[in-house]
Amino acid sequence: MNKIYEKTIRALFFKFDPEKGHEIVKKFARFPIPTFCRDTTELNVRIKNYKLRNPVGLAAGFDKDAKMISLLSSLGFGYLVIGSVLKQESMGNPKPRIVRYENEQSMVNSMGLPSVGIDKFVKNYLDSIIRTDIFISIAGNTLKEFIDVYKIVKKLTPFIELNLSCPNTENGRLFQDADNFETLAEYVSKLKDGIIFVKVSPVINRKDAENLITIVELCKKFNIDGITAVNALPVKEKSISVGYGGLSGKKIFNFMLNTISLIKEYSNDKLILNACGGIFNSEDAFKALILGASTVQVYTSLIYKGPCITCEIKKGINVLLKKNGFKNLEEVIGYKSKLSNK
Ligand code: RRO
C-alpha cells in the first residue's frame, strides 16, 4: 500500500512546494472517511485513569489550527496531538519554511509557530467530528499566555502537551530553561485537571542532558504526568528563509532513543513517556516502547509513507508482541529496564 502512495499521491505532492501539499490536504480534511484500520485490545495503553485505543499518535504540528481533526480521526491513530496553539493569531516565519531531504527521509521546518489563535482554534475544534482521543499542544511567549491558553484548553480534553521546545521562534525554548520551567510547572500544577505532558528538545550534549534531568525532577515535583521526547533538532539550513529550522525524520531517530533512555533513567517510573522522532515502522516503535515509552508519535513518516503507516505500525507491533512472547503492550513498555532490575 505504501508503494502505491509513494508512486501516486506522494509523487504528485512532492512536485509542489512542501507547504502547498499540506494546504491541499487541509482543503479535503474537513470530513471523516470510513475507518478500515481496527484496533485490538492488546494494543490498549493506560495513561493514568484513561485508556488510549492504541499507542500510535500523530505528533503536534500537522494540524496546528484544529482544521483537520475529522479526517485525521479516521486514520486509526490512538490519539492526535493538535496544535501548537498560541493565545494570539500569529503568521509564523516567512516562506520558504520547509525543505525535504528525500534521500534521508527527513526534513527541516521553520514554520515559526503560525497559529490562528486560541479563539478560532476552539471554534474549529468544536466544529470537528472527533473519533479518537485528542491531545492539545499549547505554546506561549510569556507565562501569562501559556496559563491563559491552558485554562481554555483544559475544558476541551484531558490531555494537554506543553510545548517547551519550538526550535523556530525567539521564545520557543524559553520555558525549557529550568528556572522558567519551574515557574510554569508550579502555576500549571495549581490549575491542573487531567493529564499534562511537556515536549522537550533532543539531547545532544552534556549541558542539554543536565538541563533535561532538572526538567525531569521538576515534573515529578509539580505533578506533571509525562514527557514527549523529542521535538525537531535545531539546525542551520540555507534554503529556508530565516536560515535555520528544526530537523525531523530518520536523521533524529537515535537522538530520540537516547533522550527517552535518559528520561527513563531519572524518572523512577513516575513519568509517562511519548516517543517522537524518526519512527517509520513497527521495529522503530518497538525499540522506543521497550526503552520505556508508552506511546509513539509520527509526523515526518506520515508524509514519506502515507496514511497507511498507522495501520502498518499497529499490525507490526502485534506481530512483534507474539514473536517475542508478550501478551500485550503493557508488558512491553519499559521491558528493558525491568530486565536490568531483575
Ligand atoms: O512552528 C514551528 O516552527 C515548530 C514548532 Br511550534 C515545533 O514545536 N516544532 C517544530 O519543528 N516547528
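Student: Which strands does β12 pair with, and how do they run?

Tutor: Two strands count as paired if DSSP finds at least two bridges between them. Here, four bridges join strand β6 (residues 106-109) to β12, and the two run antiparallel. Strand β11 (residues 233-236) is also joined to β12 by four bridges, again antiparallel. Helices (H or I, at least four residues) and strands (E, at least two) are DSSP runs, numbered from the N terminus. Before we go on: this is a predicted model, where local features need pLDDT of at least 70, side-chain atom pairs count only at pLDDT 80 or more, and totals for chains, interfaces and linings use all residues. Residues are numbered from 1 along each chain as its sequence is written, and side-chain values use heavy atoms, with hydrogens and water left out.

Student: Which residue of β12 is the bridge partner of Val108? And what stands opposite Val235?

Tutor: Val108 has Leu247 as its bridge partner in β12, while Val235 stands opposite Gly245.

Student: Is β12 mostly covered or mostly open, and how many of its residues are buried?

Tutor: Buried means under 20% relative accessible area, exposed means over 50%, and partly exposed is in between (1.4 Å probe, protein chains only). Strand β12 (residues 244-249) is mostly covered, with five of its six residues buried.

Student: What is a disulfide, and where is one here?

Tutor: A disulfide is a covalent bond between the sulfur atoms of two cysteines. The cut-off used is a pair of cysteine sulfur atoms within 2.5 Å. Searching the whole structure turns up one disulfide. Cys37 is joined to Cys311, S to S 2.0 Å. This pair links distant parts of the chain, 274 residues apart: Cys37 sits in the loop between α2 (18-28) and β1 (45-47), and Cys311 in helix α11 (residues 309-323). Both Cys37 and Cys311 are buried.

Student: What about Cys166?

Tutor: Cys166 is in no disulfide; the nearest cysteine sulfur belongs to Cys276, 13 Å away. Cys166 is buried, at a relative accessible area of 8%.
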